[in-house]
Amino acid sequence: METIEAVKRLKESYRKLPGVGEKTAERMAYATLGFSEKDMQDFIASLENVVKNVHVCPNCGIYIDTPLCPICDDDSRDTDTLLVVTDAKSVISFEKTGKYHGKYFVLGGSLSPIKGIDPEKIRIPELKKRIVDNNIKEVILACNSTIEGETTSSFIRKYLEDTDAKITRLAYGLPVGADLEYVDELTIERSLDARTIYKGE
Ligand SMILES: [Zn+2]
């Protein structure tokens, strides 16, 4: 039982990070206490910098720290193709392959009635508007291959039924239950190449 209130609060913050349990949070909190004055100032400055300068691109949903989005505002990219991902981290995985040159749409989560996450919350109506307004020719669904991700994929597929866009999904071959963040680049590249057509030629 942690008796120092400040350490307890620090631990609670660390606990919110993915993969950090009680023990690890405790180790991290005490390691932070051992920081030098300079390391501590740098740490605080990094957090403040993120809060002040990083925001979400209103168009695609990736994190940016510049007024213009490096992807949405890049005229050399293919504007006919839209790749739909569950979270902003997945965009980094696709960008690393260097094989995808279209645009992105980050949902910011998966549908989950239990958690109260409905289509509006993950911007599905906005997605449709973007497809129609920008005359998107192909929508590639690359939601996480978890049960919630699959449910989201099939919902979107039906929701976009009346648009003119061709709808594809990443090829199976991605490990089931995989968070794209942990999948190697070659696997992502192959699943993109061998994507399955949902509708369209
Ligand atoms: Zn953007």
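Colleague: Contact means heavy atoms within 4.5 Å here; what kind of model is this?

Modeller: This is a predicted model, in which local features need pLDDT of at least 70 and side-chain atom pairs count only at pLDDT 80 or more, while totals for chains, interfaces and linings use all residues. Residues are numbered from 1 along each chain as its sequence is written, and side-chain values use heavy atoms, with hydrogens and water left out.

Colleague: How many helices and strands does the protein have?

Modeller: There are 7 helices and 7 strands, taken as DSSP runs numbered from the N terminus (helices are H or I with at least four residues, strands are E with at least two). Following the sequence, the pattern reads α-α-α-β-β-β-α-β-α-β-α-β-α-β.

Colleague: And what box do the C-alpha atoms fill?

Modeller: Along the principal axes, the C-alpha atoms of the protein fill a box of roughly 65 × 35 × 35 Å. Of its 201 residues, 39% count as buried, where buried means under 20% relative accessible area, exposed over 50%, and partly exposed in between (1.4 Å probe, protein chains only). Among the contacts in the protein with a separation of 6 or more, 58% come from residues 24 or more positions apart.

Colleague: Let's look at the sheet; which strands form it, and in what order?

Modeller: Five strands make an open sheet with mixed pairing, in the order β4-β3-β5-β6-β7; two strands pair if DSSP finds at least two bridges between them. At the edges are β4 and β7 (196–199), each of which pairs on one side only. From one strand to the next, the twist averages 25°.

Colleague: How do β3 and β4 run?

Modeller: Strand β3 (residues 81–85) and β4 run parallel, and 4 bridges join them. In β4, Phe-105 is the bridge partner of Val-84, and Tyr-104 of β4 has Leu-83 standing opposite.

Colleague: Which way do the β4 side chains point, and are they buried or exposed?

Modeller: Lys-103 and Phe-105 point one way from β4, whereas Tyr-104 and Val-106 point the other way, and all of these are buried.

Colleague: Which helix lies across β4?

Modeller: Helix α5 lies across β3, β4 and β5 (138–142), running at about 160° to β4; axes are lines fitted to C-alpha atoms, for helices over the stretch in contact, and angles run from 0 to 180 degrees between N-to-C directions. Helix α6 lies across β3, β5, β6 and β7, at about 160° to β5.

Colleague: How many salt bridges turn up?

Modeller: The whole structure holds 13 salt bridges, each a side-chain nitrogen of Lys or Arg within 4 Å of a carboxyl oxygen of Asp or Glu. In one of them the side chains of Lys-89 and Asp-87 meet at 3.9 Å, N to O; Lys-89 is partly exposed at 36% relative accessible area, while Asp-87 is buried at 17%.

Colleague: What about Glu-148?

Modeller: The side chain of Glu-148 meets that of Lys-115 in a salt bridge of 3.8 Å, N to O. This pair links distant parts of the chain, 33 residues apart, with Glu-148 in helix α6 (residues 147–159) and Lys-115 in the loop between β4 (103–106) and α5 (124–133). Glu-148 counts as partly exposed at 32% relative accessibility, and Lys-115 as exposed at 58%.

Colleague: And which residue does Arg-169 bridge to?

Modeller: Arg-169 forms a salt bridge with Glu-150, with the closest N and O atoms 3.2 Å apart. Here too the pair links distant parts of the chain, since Arg-169 is in strand β6 (residues 166–169) and Glu-150 in helix α6, 19 residues apart. Arg-169 is buried, with a relative accessible area of 7%, whereas Glu-150 counts as partly exposed at 26%.

Terms used
Contact = heavy atoms within 4.5 Å.
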